[in-house]
Amino acid sequence: MAHTADVIIIGGGVHGASLAFHLAQRGLKPLVLERKFVAAGATGRSSGLVRMHYDLRLECELVWKSFEYFRNWEDMVGGTCGFVRTGFIRIVQPQYEDALRANVAMQQELGIPTLLITADDVKRLAPYFEVGDFTYAAYEPESGYADPPTTAASLMDAARRMGATLKTGVQVTEILTDDSKVRGVRTADGTTYHAPLVVNAAGAWADRIASMVGLDLPFTTWSHDVMFIRRPKALGPTHPTVIDDIHEMYFRPEQGRLTLVGLESGNPLGEDPDTDTEHPHPGFVERAVDHICRRIPMMEEGSLHSAHRGYDGLSDDQRAIIGPAGPEGFWLNCGHSGTGFKIAPATGLSLAEWMVDGEPHTVDIRPFALSRFAEGRPLRAEHPYADIWR
Ligand SMILES: Cc1cc2nc3c(=O)[nH]c(=O)nc-3n(C[C@H](O)[C@H](O)[C@H](O)COP(=O)(O)OP(=O)(O)OC[C@H]3O[C@@H](n4cnc5c(N)ncnc54)[C@H](O)[C@@H]3O)c2cc1C
């Protein structure tokens with residue numbers, strides 16, 4: 001039996017699911033091939049932060065448009081994404097406070113609800129934070145976090161209701177081409193699936209898929225550990241979500257009086273993404289405890305709940321790689337560089353527009369094209385901070 005689809009999407013993470021949703025909404029019949037199960041990769045390990053503070057305007061545009069989905073999920077997608085509003089605080093090193101000010105102004109121009117607040121204001125929002133090492137922070141009262149596996153499953157369910165097909169336990173091993181045009185894919189069990197368009201949304205495995213059509217991505221794998229602490233009761237029922245560059249970490253509340261902590265430093269590059277993700281790297285928990293206790297000394301009375309690791313694809317400029325590349329009909333949606341969850345709704349929408357209409361209308365994502373690297377135009381912010389992952 002011939003298996004055909006309008007578009008084949010390789011990877012059932014949040015980006016594969018979002019693209020399937022938006023293509024199906026436009027009347028196409030996409031087929032998602034996932035080698036394990038939905039959200040088996042980075043999406044299933046993601047910390048799920050949904051905040052709008054980026055230093056690159058384009059990413060702010062994507063996350064601001066995506067936020068409309070997170071806030072109105074039931075109406076716009078159906079089901080739930082598990083969004084929880086916590087408020088979000090962005091702390092940068094003192095030498096970046098001018099950049100912080102400029103970035104807040106740029107985000108306000110886009111309509112993003114954000115403002116500059118003082119360290120005293122932070123103390124009022126979170127009385128148990130140490131605030132002596134910075135003067136200003138950015139504050140987003142509407143931001144928070146969502147549940148990434150639920151988000152991906154919800155997008156995929158909605159896509160299927162509109163005619164998309166999902167096949168799990170199916171590993172793509174070959175891209176079929178003919179006269180420099182994509183014809184479909186072959187999978188590990190020898191089955192062939194035909195489509196004129198194939199999208200590489202394979203997360204940390206995207207370089208392996210790209211190499212099937214002779215593309216060498218400026219890309220490595222990024223490994224990231226996360227821990228959950230049981231908060232001491234004295235800290236109260238919740239706290240804001242925070243990215244804290246001074247202590248090289250981010251943290252957010254999780255249900256059940258837990259706090260999730262991830263570190264910006266010490267994230268090994270180039271590891272095999274098929275490595276065990278049940279356990280963090282040795283030494284991570286000790287470092288993360290040390291960092292969180294510097295911002296919230298009372299956390300010393302907390303206890304470890306659990307920890308895990310995950311893998312994403314990291315591009316050379318730490319920004320996504322999106323757009324057509326290689327043989328005609330082959331598209332990339334990968335290299336999300338450890339921050340791709342929160343932009344998935346608008347990225348899928350803009351990419352679906354690009355693929356179907358010939359250009360993206362919602363957010364012009366064309367600057368994310370692979371060609372930027374060869375052309376010496378990596379994406380750089382006007383008021384940059386240090387690279388996120390050091
Ligand atoms: C620990 C961690 C914390 C993070 N925290 C945040 C955060 O707080 N906020 C945020 O915005 N982002 C965060 N990120 C980043 C974000 O989660 C990722 O950028 C995003 O989930 C990537 O989604 P994806 O669909 O591109 O990839 P993935 O979710 O990795 O999906 C790719 C899928 O492709 C499948 N696949 C691979 N090869 C094949 C093949 N040959 N055939 C078929 N299927 C294949 C895999 O099984 C996988 O399911 C985090 C990432 C990690 C790892």
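Which backbone atom lies 3.0 Å from an oxygen atom of the ligand? In this predicted model, a backbone N or O atom of Phe341 is placed at that distance of 3.0 Å from a ligand oxygen, a polar contact being a pair of N or O atoms within 3.5 Å; within protein, one must be able to donate a hydrogen and the other to accept it, and residues adjacent in sequence count only if both atoms are side-chain atoms. The model is a prediction in which local features need pLDDT of at least 70 and side-chain atom pairs count only at pLDDT 80 or more, whereas totals for chains, interfaces and linings use all residues. Residues are numbered from 1 along each chain as its sequence is written, and side-chain values use heavy atoms, with hydrogens and water left out.

A nitrogen atom of the ligand lies 3.0 Å from a backbone N or O atom of Val172, and a polar backbone atom of Gly41 is 3.5 Å from a ligand oxygen. Around the ligand there are 38 residues, of which Glu34, Thr43, Leu49, Asp312 and Lys342 come nearest (near: a heavy atom within 4 Å).

Helix packing was examined next, with helices taken as DSSP runs (H or I, at least four residues) numbered from the N terminus. Axes are lines fitted to C-alpha atoms over the stretch in contact, and angles run from 0 to 180 degrees between N-to-C directions. Helix H3 (residues 57–71) and helix H10 (residues 344–357) have axes that come within 6 Å and cross at roughly 105°, and the two helices are therefore roughly perpendicular (65 to 115 degrees; under 35 is roughly parallel, over 145 roughly antiparallel, and the rest oblique). Their contact (heavy atoms within 4.5 Å) includes Leu62, Lys65 and Tyr69 of H3 and Pro345, Thr347 and Leu349 of H10.

The axes of H10 and H1 come within 8 Å and cross at roughly 50°, which makes H1 oblique to H10. This crossing of H1 and H10 is right-handed (the near helix is turned clockwise from the far one by less than a right angle, and anticlockwise if left-handed). Among the residues that meet are His15, Leu19 and His22 in H1 and Gly348, Ala352 and Met355 in H10.

Helix H1 (residues 14–25) also approaches helix H7 (residues 148–161), their axes coming within 8 Å and crossing at roughly 25°, so that H1 and H7 are roughly parallel. The contact between them includes Ala17 and Phe21 of H1 together with Leu155 and Met156 of H7.
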